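Here is a friendly walk through some helix packing and a few backbone details. Have the viewer open as you read.

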Amino acid sequence: MTGAAWRKRVGAIWIILWSVWFSPAVFAQSASDLESDLRSILESSRVTGAGIVIVEEGQPSIEVYWGLADRIAEIPVSAETVFRAGSISKSVTSTIAMRLAEDGRIDLDATVRSVAPEIDLHNPWAATDPVRIAHLMEHTAGLAGSSYREYSENMVDAPPEAYLDVVGALNVRWRPGTLYSYSNAGHTVLARVLEIASGQSFDDLAQTYVFDSLDMQSASFLTYGTAPDRVARSYTLDGRPEPVWEMLIRPSGSLMTTPRDLAKFVALHAGDGGGLVSPEQLARMARSETSEAARQGAGAGAYGYGSFSFAAGDQVFRGHWGQTEGFRANMGYLPGKGAGFVFMLNAVDEQAASALRKRIADHFSATLGTPAMPNKAEPDPTVLSAAAGHYVLATHEQPMRDWLFKALDQRRIIATQEGLQVASSGLMGGWSQLYRPAADGGYMADGLPLATAVVADLDGRKYWIDGDGYVRVSGLEAAFRRLILPLALLISIAAILHGAVWGGLSLAGRGPSGDGLWIRAALLASGLGFLVTSALFARFGLLGSWAGLSEVGRPSLVSLCLMLFSVLAVLGAFAAAVLTGQRVFRQPGLFLIWAVPASLILLAFALLWVFSGWFPLISWVW
């Protein structure tokens, strides 16, 4: 057989296979398999109810409604069930801003002060680097992500102005337009700016520029939506109902909608804008331009106007996630391909959410192919070596918890021949990932088809920026921040146990006296203060429910105890250190083998609290 004949036969076989694979029957089978797999994931999950919509060619192709919207009333999830979408709200708020900009009613590069001078922004860099509207949309304004004061009010349908009245002045924490930090405050301030610029309320703007335009009849930012009788109840993973929290940050987190209506919003961003937003503006929304990461080549992998990139399977989606009081939502889209997805759950099962994203991504890989890997740059050993070192989180979204997350979230960067080996070295656990230099700038995590990270020099310090920013510190400082928390808590427990022993001996008339008694008492007081403060903060301010967070955000029994026990912890540590120091010179003994390291560790922890603003811990002003 000649080469030409062979190529002709192979071509014919290929055409037959192509036609069979892309026949309607095969597409139907593929859709059937996907729907079956999605239901199987939900069946094996701890989700109570779910709605899923797959968008292909700009239209819903698969819809899955599963489980219960209300356990007690045994109401099943249907196409009419309304879920809370959480932070997907930010994507809608950003789209409102973009549409106002296209109508010429606002300039997104304008400063916030020029549009809304009544908004109290304390920005030390205002003369050279003012906060611009675009910074609010990309989380690069330097604002805190959230405040416990936000949870002090449980207000139905609060306007953005009410939020500003409650939180008061907003402090800018670093030079605007440099570092990213996820901020509920940012999009709430944005909503107020849009109200002032347009002369319309935020809810009217949402209705006009998004919901009516896309025929999203179920969608609303109102606390109970437009159809309260259709709203799903939310549940914990063990099936207990979650209460509704009427949040002040509605433009950042209170969107309510059916998955079917949210899929219309996804189709808008996955396509050409449908005449509502120009393709050029859609492309602008899908990338960052105001961050240091963007300027160094990672704009496509950074947070844009209300959306970010995330990987699932072999696909890289744009979109957003959302979570609030027992609801978990996710929307993702492939820009320009008319493809995307929505799923909304009424229980926060992260394992199920991850499995759903992976299975949906596999479906799109089979139907649309996988994205091409970008060109890699030749590693420069000098540049890589200059980036090596220890880094601690510098942009935690809540300033009150900054010192804590500098211990929990650290990075160790090692230069290799291929790129930068980045390892998590904090208390939250370890992982390691190779980042390779990208041709257009920045670094790509191994296997990811876009750059998400950069190394930057800002204000005389070196940063590793991969979403959040990590500042380089000495190995000694990193170790201190990582170890002082567990050491201080262990010493606190030991001091309390020790106190119980000598307290019992004292009752029997055999306890310590003089300096020994006062040192033991100071260590006991400090240990008790540290343990109670840490336990209360973990229970209510770190792992608590929405209602629990409100206890920290206003004067209450919990917040007053935080203040009092933080004072006890710090003063006890200083007293123990002073008394132990005096005892060292006056009366050395075996007791000091315990007292000296214990008092020094508690003193170091106390100083960390003092310089972090935790002395006294007045949580309702943060």
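Predicted model: local features only at pLDDT ≥ 70, side-chain atom pairs only at ≥ 80, totals over all residues.

## Helix H6 against helix H7

H6 and H7 pack with their axes 8 Å apart, at an angle of about 125°. H6 is therefore oblique to H7. Angles under 35 degrees count as roughly parallel, over 145 as roughly antiparallel, 65 to 115 as roughly perpendicular, and the rest as oblique. The axes are lines fitted to C-alpha atoms, for helices over the stretch in contact, and the angles run from 0 to 180 degrees between N-to-C directions. Helices are DSSP runs of H or I with at least four residues, strands are runs of E with at least two, and both are numbered from the N terminus.

The crossing of H6 and H7 is left-handed, a term used if the near helix is turned anticlockwise from the far one by less than a right angle, with right-handed used if clockwise. On the H6 side, Pro160, Glu161, Tyr163 and Leu164 meet Ala185, Thr188, Val189, Ala191, Arg192 and Glu195 of H7, where contact means heavy atoms within 4.5 Å. Sorted by class, this contact of H6 with H7 has six nonpolar, one polar and three charged residues. Here Ala, Val, Leu, Ile, Met, Phe, Trp, Tyr, Cys and Pro count as nonpolar, Asp, Glu, Lys and Arg as charged, and the others, Gly among them, as polar.

Residues are numbered from 1 along each chain as its sequence is written, and side-chain values use heavy atoms, with hydrogens and water left out.

The chain averages a pLDDT of 91, and 94% of the residues score at least 70; pLDDT is the predictor's confidence in each residue, from 0 to 100. Over residues 1-27, pLDDT stays under 50, and the model has seven contacts beyond four places in sequence for them.

## Around helix H6

Which residues of H6 are buried? They are Pro160, Ala162, Tyr163, Leu164 and Val167, with buried meaning under 20% relative accessible area, exposed over 50%, and partly exposed in between (1.4 Å probe, protein chains only). These buried residues pack against strand S6 (170-171), H7, helix H8 (202-211) and helix H9 (250-253). Just after H6, Gly168 takes a positive phi of about 70°.

The loop between helix H5 (133-138) and helix H6 (160-167) holds Pro159, which counts as partly exposed at 39% relative accessibility. From C-alpha to C-alpha, Pro159 and Ala227 are 20 Å apart in space, and 68 residues apart in sequence. His139 is also found in the loop between H5 and H6. His139 has a positive phi of about 60° although it is not a glycine, and at 2% relative accessibility it counts as buried.

## Helix H3 and its two partners

H3 packs against helix H7 (residues 184-198) at an angle of about 30°, with the axes 10 Å apart. H3 and H7 are therefore roughly parallel to each other, and H3 passes H7 in a left-handed crossing. Lys90, Thr93, Ser94, Ile96, Ala97 and Leu100 of H3 make the contact with Asn184, His187, Leu190, Leu194 and Ser198 of H7. By class, the contact of H3 with H7 has five nonpolar, five polar and one charged residues.

The axes of helix H3 (residues 89-102) and helix H10 (residues 259-270) come within 12 Å and cross at roughly 55°. That angle makes H3 oblique to H10, and H3 passes H10 in a left-handed crossing. Here Ser91, Val92 and Thr95 of H3 meet Phe265, Leu268 and His269 of H10. The residues of the contact of H3 with H10 divide into three nonpolar, three polar and no charged.

## Other places to look

Glu57 lies in the loop between strand S1 (49-56) and strand S2 (59-70). Glu57 has a positive phi of about 55° although it is not a glycine, and Glu57 is exposed, with a relative accessible area of 77%.

In helix H18 (residues 546-553), the buried residues are Gly548, Leu549, Ser550, Val552 and Gly553. They pack against helix H17 (514-542) and helix H19 (557-586). In the segment after helix H20 (591-611) you will find Pro616; a cis peptide bond joins Phe615 and Pro616, with omega about -15°.
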